[in-house]
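Hello! I hope they are handy when you go through the coordinates.

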Amino acid sequence: MSTQTAPRPPRTRRRASEGGEHASLISRPRFLTYGLLLAFVLGSVFPLWWSFIVASHESSVVRERIPPLLPGANFFSHAAEVFDTVPFWLALGNSLIVATTVTVSVVLFGTLAGYAFARLRFRGSGALFAFVVATLAVPTQLGIIPLYIAMTSYGWQGQLAAVIVPNLVTAFGVFWMRQYLVGALPHELLEAARVDGCSMIRTFWHVVLPIARPAAAILGLFTFMHSWNDFLWPLVVLDAQNPTVQVALERLQAGYYTNYSLVLAGTTLATIPILLVFVIFGKQIVANIAQGAVKG
Amino acid sequence: MADLRSETAEVSRKPSPPPGGRSGSGKNDLTLRQRLYRFDVKSAPYFYIAPFFIVFGLVGLFPLLFTAYVSLFDWDMLADEQQFVGLDNYARLIESDQFWKALVNTISIFLLSTGPQLVIAVLLAVLLDARIRARTGFRVSVLIPYVVSLVALGIIFSNLFGHNYGLINNVLEFFGFDRINWHSDRFASHVAIATMVNWRWTGYNALIILAAMQAIPRDLYEAAVVDGAGPFRRFFSVTMPLLRPTLIFVVITSTIGGLQIFTEPKLFSDIPGSNNGGSDNQFQTITLFMYQAGFERFDLGYASAIAWTLFLLIVVIALINFLITRRIASTGEERR
C-alpha cells in the first residue's frame, strides 16, 4: 500500500500479459516494492542458509562475529557423523513410510467423502458436512493423554502404526476435496455413468478420481509436508530407538547441543527432502493458493 | 442436466427395464440386480463418509471428551484401578504458580506473534499483489519458511538467539547495542519465540490473504479511483472490508494453533531436552506444561486437567477473536 502511490492513469505502462488482471489505473510498482519483497525473501532464506554455513564449517565459526557467507568443506563429514550419532537412516525411512501412508489415505478417503458431500444426495448430508467443518476448529492435539493411554494398552507404543492411524483421515482433507469437486465435477458425467449402469464405486474410480486429481495433488503435498514435520504426538508415542526424523532431530539437539555443526547438519539433512519436494511442486502449491482455493 | 433427467425418465417409461432401475413403479418388478443397484446408490454415500467419522470419533472426539474424565482421577498407568479425586486436579492447577505463569507466557507469545504477523502478512500480500516481475518466484520464496519443520526451526533460532555466540547478539553488539539475554529474560524470550512463529507463518498467511485479494473485482478499484479515492482510502474502504471473511479465517486458525504452541518453546530451551521452558519457566507454554506433567512426571490426571482448561481457553479466545475481527474488518464498510 505504501508503494502504490498516487494514481497516474495516463502514464501507466500496460503490458498485454499482465494488464488483464490489474486495473491499469493503478501505477506500476517501483523499486520500493522490489526492495521490500527482496528483504522478505532474504529474511525467509537466511536462517536456513546460515544453518547450512555452520553445518559445513567447524562449530567454532559461530564465535566469529561475522560468519562466513560461503559454505565450507565439512558438510559431508558432519552429515556422516549425524548418521553415526542417531539412527538417522531408520528415522528417514520411518518418516517416509508414515508420511506416504498418511498422504495416500488422507487423499483417498478425503476424496471419497468430499465426493459424497459434493454430489451425492443422502439424508443428513448438510448437517454432517457442517459437523466436518466444525471439527476443523477442534484442537484434537489436546486429546493426546487418553490416546496415549489407549495406545499403551493396545501395545502400539513405539510402533509406527500409533503415528499413522490417528492421521488416516482429516477434516481438512474432506472439506478441501468437497470444495473442489462442487465446482469441478459436472453433473452430466455422473448422470451418464448412472445411465450406463455403472456401480457407485466404479463411478468414483473412473469418473470422480481423474477429475479430482489437481486438488488431490495439492492436498497430498500439504499432507505429506505436515506429516513429515509432525512432532508432539510422535515424540509422545515413539521412542529414541525407532524415531521419525523430527524425534531423531530432537534427540540430536538434546544430546549434542554444543556441537553446533553436527546439530545443524542434522536440521539441514532433515530439511533437504521436504525442500526438494517443495521446490519441485512449489509452483503448483503457490498457484493453487493464489487461485482463491481458500474461500474463507 | 434437466434434459438428461427427462431423458432417463422417458427411458424408464418404456416397457424394457431400465438399466438404472430409477423407475417409480412398484418395487415388485425390480430384479435382484436393480435392488442391489438401489442399495448401492442409497448406502454408498454413507460408506464414503464413514472413514472420517470413525477415525475422528476414535482418535479425535473421544480422546478429547475422555480427557475431561481422566482429569477427575489421580491416573496411574500401572494401577489396576484409578483413584477418583473429583476436581482436585483443577484445584491444584489454580493454586499452581507455574500454571498461571504458563498461561501468561502463552498469551504473551500468542499476542506477540498473531498481531504483527497479520499486519505484515497483509502488507506482504499487497506487495505480492502489485504488478511485479517474477511474481511466482516471489510467491514461492515467501512460502519457504512454511516448509521447514518446527523442530529444525526451533534448533536454528535457538542458536541464532544464543547469548554468547548467537548471530543476533553479535549483530547487536556490532552496532553498539548491549547483548540481550534472549533465553533468560522473560519478555525477550517471548519475543524470540514469537519471531520463530512469525518467520514460519507470515508468508503462508500472506498467500491466503493474497488469494482473497485477487478475488476482489478490479472494477471496484477503478470505481474508487474515479470517485477520487487515493491508495490508502482504496485499501481501507475497498480491500479491507472485502478481506473480512479471510481475515477471520486466518485469525481463528492462528488462535487455535498459537495457543497450542509447543515445539518452539521446547526446542528453545537452553538446557536441551528440558521441558521447563527456561530455568524459571519464563517461556513455558501451557502445552509444554501439559507435556511435562503428562510425559515427564506421568501425572496424567493433572495433565488432562491442563489440557481441558486449555481447550476451554481456546474456545473462549477464538470466540472473542471472531467478534473483534468481525468488528474491525467491518469498520468503514457500508452494509450491503
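1. A definition to begin with: the domain bounds used here come from an automatic or database domain assignment. With those bounds, chain A splits into domain 1 (9–73) and domain 2 (82–289). The centres of domain 1 of chain A and domain 2 of chain A, taken over C-alpha atoms, are separated by 31 Å. Please keep in mind throughout that this is a predicted model.

2. Next, the contact inside chain A. Domain 1 of chain A brings 9 residues to it and domain 2 of chain A brings 8 residues. Together the two domains of chain A bury about 650 Å², and 67% of that lies on carbon and sulfur atoms.

3. Sorted by class, the side of domain 1 of chain A that touches domain 2 of chain A has 5 nonpolar, 3 polar and 1 charged residues.

4. Now the records for chain A. An unreviewed UniProt entry annotates "domain: ABC transmembrane type-1" over residues 92–281 of chain A. In the model, that span is 77% helix and 0% strand, and its end C-alpha atoms lie 20 Å apart. The unreviewed entry also gives "transmembrane region" for several stretches of chain A, among them 128–150 and 204–225.

5. Residues 128–150 of chain A are 65% helix and 0% strand, with end C-alpha atoms 27 Å apart. For residues 204–225 of chain A the figures are 100% helix and 0% strand, and the end C-alpha atoms are 27 Å apart.

6. Turning to chain B, the domain assignment gives domain 1 (2–84) and domain 2 (91–330). Their C-alpha centres lie 40 Å apart. The contact between them takes 9 residues from domain 1 of chain B and 9 residues from domain 2 of chain B. These two domains of chain B bury about 690 Å² between them, 76% of it on carbon and sulfur atoms. On the domain 1 side, B:Leu64, B:Thr67 and B:Ser71 lose the most area to domain 2 of chain B, together making up 46% of what that side buries.

7. How many salt bridges are counted between domain 1 of chain B and domain 2 of chain B? The count is 0. The rule likewise gives 0 residue pairs in polar contact across this interface, with both residues required to be at pLDDT 80 or more. The elements that give two or more residues to the side of domain 1 of chain B that touches domain 2 of chain B are α2 and β1 (73–74) of chain B. Of the elements on that side, α2(B) gives the most, with 4 residues. By class, this side of domain 1 of chain B has 6 nonpolar, 2 polar and 1 charged residues.

8. Chain B has a UniProt record too: an unreviewed entry places "domain: ABC transmembrane type-1" on residues 103–321 of chain B. The model makes this span 74% helix and 0% strand, with its end C-alpha atoms 17 Å apart.

9. Finally, the interface of the two chains. The contact takes 103 residues from chain B and 116 residues from chain A. About 10600 Å² is buried between chain B and chain A, 75% of it on carbon and sulfur atoms.

10. What does the rule find in the way of salt bridges across the interface of chain B and chain A? It finds 1 salt bridge, in which the side chains of B:Lys266 and A:Glu250 meet at 3.4 Å, N to O. Across the interface of chain B and chain A there are also 10 residue pairs in polar contact, both at pLDDT 80 or more. Helix α2 (residues 32–70) of chain B provides the largest share of the side of chain B that touches chain A, 21 residues. By class, that side of chain B has 74 nonpolar, 14 polar and 15 charged residues.

Key:
Residues numbered from 1 in each chain as written. Chains lettered and ligands numbered in written order. Predicted model: local features only at pLDDT ≥ 70, side-chain atom pairs only at ≥ 80, totals over all residues. Heavy atoms only, no water. UniProt positions renumbered as here; feature names shortened; annotations may be inferred. Contact = heavy atoms within 4.5 Å. Buried area = accessible area lost by both parts, 1.4 Å probe. Salt bridge = Lys/Arg side-chain N within 4 Å of Asp/Glu carboxyl O. Polar contact = N/O pair within 3.5 Å; in protein donor to acceptor, adjacent residues only side chain to side chain. Nonpolar A, V, L, I, M, F, W, Y, C, P; charged D, E, K, R; others polar.
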